[in-house]
Amino acid sequence: MNNIQKNGGTSNTIDSAQPKQLGMTSAISLALPKQEDIMRTEDLEKILEPYNVFESEQELNHRMEILAKLNTLVKQWVKDVSVKKNMPEQMAEKLGGKIYTFGSYRLGVHHRGADIDALCVAPRNIERSDYFSSFFELLKQQSEVTECRAVEEAFVPVIKMNFDGIEIDLLFARLALKEIPDNFDLRDDILLKNLDPRCVRSLNGCRVTDEILRLVPNIENFRLALRTIKLWAKKHGVYSNSLGYFGGVSWAMLVARTCQLYPNAVAATLVHKFFLVFSRWKFPQPVLLKQPDNVNLGFAVWDPRVNAQDRYHLMPIITPAYPQQNSTFNVSISTSKVIQNSFKEGMEITDEIMLGKADWDKLFQPPNFFTKYRHFIVLLVSSSTADDHLEWCGLIESKIRILIGNLERNQHINLAHVNPKCFDKSTGISKDKINTTNDNKSSEKSNDNNEESQSEPNFCSMWFIGLEFERSANLNVDLTVSIQSFTDSVHKHAVNIKMLKEGMKIEARHVRRKQLSQYIDSSFVKRERKASESLNNSSSSMTQFVKKRLSVESNLNANPKRNKVHHESFDSTNDSTNELLLDDTLPTDSPPTQQVCT
C-alpha cells in the first residue's frame, strides 16, 4: 500500500543551483534562509507542540494499522462479491481493490485525533450498490467499528464510521478496469473517461492532494507552514468550507502557492510571506498552482470565460487536477470580508514577530467575536437523541450559509459574521472545550441564567452570527422574512430526504450583546474582552512601523516597474514591487476551451 504512509507522502526538494519554476509565474525570491530564519522556524515548531498538531509515533502507527485492516477488508470484499457474481475464485483473487488516503492525512499535516479521509477503489465488476449494501454491512460487523452510517444521497456519497477510535470518511470509486493493482496511480486523466460523475468527484480528493504535493518545492517546509496556517485559521474562525470560509484543501493550496513564490524559504518565512501575499491578493483574481490541463473528457471545469456562474465567485482557488474546480465556491460577501480582514491582521502580527516584538503564540490568540458586535442571531438546534442530534446539526451547519445570504440581501446589514464554533446549550461553551474542568460550573451558571432550562430538550446546540448594521439614526430592521425563509428551507429539505424526526427543532433569535450570558458562559466573554484589550494595546505599538511601510509602498507604487527576481533576501517592501508576479489570471488572448457539462 504505497499510498498509506506514516507522514501521508514523500519528500521532495529543489536544488537551489538549478531553480525550477513551479506555478503560473516565476518566483518572487530565491533567497536562501538566514540563521535567524532557521531559529524562528525552530521557535515556531516548539510553540506548535502544545496545540496537539503533531502525533506521536505510536499514534501514527495506529493509523497505519487501521488503514491496513481496511485495505485487507476491501480486497476480501471484492473477491467475495465477485465469486457471488459467478466469477471463478482464482480470477476473483487477482482483482484487487485498494484504499487510498487524501486530505490532511495524505498531506502529512493531520493533528492529533483528526479524522482520515479515504477512498475505496474497486474494479469494474463492483457496483456502487454493492458498496452501500454488502460492504456497509461488512463494516458494521467489525468489532472495531462504531457509529457506522451511510450518506448515499450526498453530493459526494460517503460511509462515515469510527474505526478503533479514529473517525474515517470513506468514499467509493469504481474504475473501468478489470483489476486494481497495489501500486496503481490515480493521476492519469484518462482514468476518468466515461466514469460516473460521482466516481469522478470521489477520485478528485486523491488526485488534487497528490498534485499539490507534486507542485511544492520542499514538502517538509510546506507541511510545517501549513500546520501553522491551519491552526491560525481555526483559532480565528475562518476554517469551515460548509459555512463559507476556506476548507482544508483551500488553505493547503494557498500555502502551496506561497511555497512556489518563495521556493527556498523555511516555514517561519513562508508563514510571514503567506500573509503578505494574500493580504494584497486582488481577489477575485484566481489562485492557481499550475496552468489548467487541456483535457476534454466531458466534465465541467472552472472557467469564467465559458461559465457565467464562475464569474460571480468572490475568492476563487482552483484545484490543480482535472476537472479543475473552485474549492471556495461557498464564500459569501460577509465571509470574504472576514477572511480578508484576518489576512491583514495576520500580516500585522507576523510583522511584529519578524521584528522580535511578539512571539508566535500571539498568532494563535482568538479574535474578539463576542465583544466586536452589539447584535447577534442565535441559532438553537435541538433533538431528542444523540444520533438524531448528530444528523440534525450536520444538516443545519450545511445550510447556515443560506441564512447568511438572506441577511446579506438586507440593505441595512453590512456584515453577517458567522462563528464556526458550535456551542453546547447546557454548558454555554464551544463543543471542542466541553471536556474541560470547568464544565460543571459552566452548566450550573447557564442553568441559573436560563429560566426555561427545565423544559430544555435533551440535546441543544447553538451557532452565533454577529450582525453589523449600517450607521443610521432610529434604524428599525425586520429580520423575520430572512429567518423564516431559512428555517422553512431547512425543514423542507429534511422532509425531502426523510431525516426530520420528532424532537428535531430549529429556532433563530435576535439577541443583544448584554443578553449573551443567557446562552454562553459569561466568563468566556470576559476573557475574550480582556484578550482583545491586550491585543489592541500591543497593536498600537506597531502604528509607526505600519505608517513607515505604507509610505515606502506608496513611493514604490508610483513607479510600478517590474523588478527582476533577486537572489538576496527579500523584505516586505521589496515584495510590493513584484505585484505583477502574483498574477494568476487565466490568459485572455487564447480562445476558451469548449467543455461539455454533464
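This is a predicted model: local features need pLDDT of at least 70, side-chain atom pairs count only at pLDDT 80 or more; totals for chains, interfaces and linings use all residues.

Colleague: Where does N86 lie, between which helices?

Modeller: N86 has a positive phi of about 70 degrees, although it is not a glycine. Its place in the chain is a loop, the one between helix 2 (57–84) and helix 3 (89–92).

Colleague: K498 also has a positive phi without being a glycine. Does K498 count as buried or exposed?

Modeller: The phi of K498 is about 60 degrees, and the residue is found in the loop between helix 14 (480–496) and strand 12 (505–512). The cut-off for exposed is over 50% relative accessible area. K498 has 76%, so it counts as exposed.

Colleague: Now for N125: is it buried or exposed?

Modeller: N125 sits in the loop between strand 2 (116–122) and helix 5 (128–140). Buried means under 20% relative accessible area. The value for N125 is 19%, so this residue counts as buried.

Colleague: Which side chain makes a polar contact with the side chain of N125?

Modeller: Let's set aside the neighbours within four places in sequence; N125 is then in contact with S82, K85, M87, L95 and D130. For one of these the side chains make a polar contact, at 2.7 Å, and that partner is S82.

Colleague: What is the bridge partner of I99 in strand 2?

Modeller: Strands of a sheet pair through backbone hydrogen bonds, either parallel or antiparallel. Here strand 1 and strand 2 run antiparallel and are joined by five bridges. In strand 2, the residue bridged to I99 is C120.

Colleague: How are helix 8 and helix 9 arranged relative to each other?

Modeller: Two packed helices are described by the angle between their axes and the distance between the axes. The axes of helix 8 (residues 248–261) and helix 9 (residues 267–279) come within 9 Å and cross at roughly 100 degrees. Angles of 65 to 115 degrees count as roughly perpendicular. The two helices, helix 8 and helix 9, are therefore roughly perpendicular.

Colleague: And how many residues of that contact are nonpolar?

Modeller: Helix 8 contributes residues including W251, L254 and R257, while L270, K273 and F274 are among those from helix 9. Two residues of the contact are charged and one is polar. The number of nonpolar residues is nine.

Colleague: One last thing: what is omega for the cis peptide bond that joins Y322 and P323?

Modeller: P323 is in the loop between strand 7 (317–318) and helix 10 (333–354). Another cis bond runs from F283 to P284, with omega near 15 degrees. For Y322 and P323, omega is about -5 degrees.

How values were computed. Residues are numbered from 1 along each chain as its sequence is written. Side-chain values use heavy atoms; hydrogens and water are left out. Axes are lines fitted to C-alpha atoms, for helices over the stretch in contact, and angles run from 0 to 180 degrees between N-to-C directions. Helices (H or I, at least four residues) and strands (E, at least two) are DSSP runs, numbered from the N terminus. Angles under 35 degrees count as roughly parallel, over 145 as roughly antiparallel, 65 to 115 as roughly perpendicular and the rest as oblique. Contact means heavy atoms within 4.5 Å. Ala, Val, Leu, Ile, Met, Phe, Trp, Tyr, Cys and Pro count as nonpolar, Asp, Glu, Lys and Arg as charged, and the others, Gly among them, as polar. Buried means under 20% relative accessible area, exposed over 50%, partly exposed in between (1.4 Å probe, protein chains only). A polar contact is a pair of N or O atoms within 3.5 Å; within protein, one must be able to donate a hydrogen and the other to accept it, and residues adjacent in sequence count only if both atoms are side-chain atoms. Two strands pair if DSSP finds at least two bridges between them.
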